[in-house]
Amino acid sequence: MTKLQPARGTRDLIGEDLRRHQQVIDTARRIAGTYCFEEWATPVFEDTRVFARSLGDTSDVVMKEMYTFQDRGGDDLTLRPENTAGVCRALVTNGLTQSLPQKVFYAGPMFRYERPQAGRFRQFHQIGIELIGPAEPLADAEVIACGWDILKELGVAGETVLELNTLGDRASRDAYRVALVAYFSARRDQLSEDSRDRLERNPLRILDSKDEGDKALVAEAPVIADSLTSTAAAFYARVQELLARFGVPFRENPRIVRGLDYYSHTAFEFVTDRLGAQGTVMAGGRYDGLVEEMGGPPTPAVGWAAGIERLSSLVGTPPPAPEPVAVVPVGEAAEAPALDVLQTLRRAGLRAEMAYRGNLKRRLERANRIGARAAVILGEAEVARGVAQVKTLATGEQTEVALAELARHLA
Ligand code: ATP
Ligand code: MG
């Protein structure tokens, strides 16, 4: 049998990798909490229609990237490629469309059948927030400010830039689509095959093309600013004003688009040049039409998602491995009392470990190997007197401590 490996595009998170990963989630959860976002956990797989509807059958994700399967009962299911659709589905199923606003934070695995490369996996992980209910530009600004605060708290804000755009309202987008179709149709023979296809189905998506030839054409294409209605322009101006008030720096990038009809107004990405081609760490925008797609009433919403793998590789020094305390019994008679000491320390919230076998020397070696900061040495004499020898492993320094004081002394 060939050696078993993790499936292509997946990886194990062990040791430092998991600590980095967890640090991103913990930080995001804490900062999102200060903005009163509450965590939701929705299922990892959903009825395929949840994503087919939300992502639309023209998007890259639906066309090529979904992990879709029939289960043994014949249900058509899909591993979630993103979590916004699941959150909107959950909002509707749980009857929460009348209890707005809802401010949702989530963290978890997502699945896309992509070509694996640095920063691009088939199972990857996202943190994200969704602010469902408010149609005001303040919601857009607050959602972005929350993302910015998370990047700051992770120490990566200095390496990322917020790129901002607007997709306007429906009328703006219709006018823009007409302008784009006119522009690209006149240059149809220079477009990539994919983009010629997009020209029919969804011309906005051409702006998102990664094909070099397309990019050159896109650089000269009309920008949405020229197609905005006055309402949409005022909305965009207000978002910018609020971002300035929140102290979030940004630059405008008219090429940031979301190809789907339920997106409107704000679209943004936090990008970095430190991760090569996979430079987008956080992406989001306003999606006023999505809840309705899920069978709910028309409901405005705005949010973002960020790739945990990309964020964790930006985070500088990983959090240190926590240092335990090693309990070391000397002689058989000390073993049982040592177990009591071990459990007392654990119940006091300390990380405590006792080797499963070995003499004093072996156990101290093991304590060093697991990076213990101190060894609590307990012989018969110590047990009789209700004390232990506490040895600081870095210095070799040893002091006698009463068992009743031990947890406090080590804390
Ligand atoms: P890209 O243009 O890189 O394919 P996307 O537009 O498909 O990104 P979104 O759907 O907006 O990405 O997802 C939000 C974030 O999730 C991305 O900015 C990125 O950080 C992360 N992400 C998306 N796909 C992957 C993947 N396959 N592996 C790792 N991270 C990913
Ligand atoms: Mg993608």
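1. Strands here are DSSP runs of E with at least two residues, while helices are runs of H or I with at least four residues, and both are numbered from the N terminus. With that in hand, look at strand β14 (residues 374-378) and strand β15 (residues 387-392), which pair in the antiparallel sense over four bridges. A374 has T392 of β15 as its bridge partner.

2. Before we go on, a word on what you are looking at. This is a predicted model, in which local features need pLDDT of at least 70 and side-chain atom pairs count only at pLDDT 80 or more, whereas totals for chains, interfaces and linings use all residues. Residues are numbered from 1 along each chain as its sequence is written, chains are lettered from A and ligands numbered from 1 in the order in which they are written, and side-chain values use heavy atoms, with hydrogens and water left out.

3. Now step back to the whole chain. Its secondary structure comes to 15 helices and 16 strands. Along the principal axes, the C-alpha atoms fill a box of roughly 90 × 60 × 45 Å. The chain has a radius of gyration of 28 Å, whereas a compact globule of 411 residues would be near 22 Å. (The radius is taken over C-alpha atoms, and the globule rule is 2.2 Å times the number of residues to the power 0.38.)

4. V390 stands opposite T399 in β16. The hairpin of β15 and β16 has five residues between the strands, and G396 there takes a positive phi near 80°.

5. Strands of a sheet pair through backbone hydrogen bonds, either parallel or antiparallel. This open sheet runs in the order β1-β5-β6-β11-β10-β9-β7-β8, with mixed pairing. At its edges are β1 (38-39) and β8 (251-252), each pairing on one side only. Inside the order, strand β7 (residues 160-166) and strand β9 (residues 264-272) pair in the antiparallel sense over seven bridges. There L162 stands opposite F270 in β9. Helix α9 (residues 230-246) packs on this sheet and touches β7, β8, β9 and β10 (280-286); contact means heavy atoms within 4.5 Å. The direction of α9 makes about 160° with that of β7, where angles run from 0 to 180 degrees between N-to-C directions, and axes are lines fitted to C-alpha atoms, for helices over the stretch in contact.

6. The crossing of α5 past α9 is right-handed, the near helix being turned clockwise from the far one by less than a right angle. Among the residues making the contact are L138 and I144 of α5, with F235 and L242 of α9. By class, this contact has ten nonpolar, no polar and three charged residues. (Ala, Val, Leu, Ile, Met, Phe, Trp, Tyr, Cys and Pro count as nonpolar, Asp, Glu, Lys and Arg as charged, and the others, Gly among them, as polar.)

7. Helix α5 (residues 137-153) also meets helix α1 (residues 16-34): their axes come within 9 Å and cross at roughly 135°. That makes α1 oblique to α5. The contact is made by T27, A28, R30, I31 and A32 of α1, together with C146, D149, I150 and E153 of α5. These residues divide into five nonpolar, one polar and three charged.

8. There is also a sheet of three strands to find. This open sheet has the order β2-β4-β3, with antiparallel pairing. Its edge strands are β2 (45-47) and β3 (67-70), and the twist averages 35° from one strand to the next. β3 and strand β4 (residues 76-79) pair over four bridges, and F69 stands opposite L77 in β4.

9. Finally, two backbone details in loops. The peptide bond from L100 to P101 is cis, with omega near 0°; P101 lies in the loop between α4 (84-93) and β5 (102-111). C36, in the loop between α1 and β1, has a phi near 70°, a positive value in a residue other than glycine.

Conventions:
Angles under 35 degrees count as roughly parallel, over 145 as roughly antiparallel, 65 to 115 as roughly perpendicular and the rest as oblique. Two strands pair if DSSP finds at least two bridges between them.
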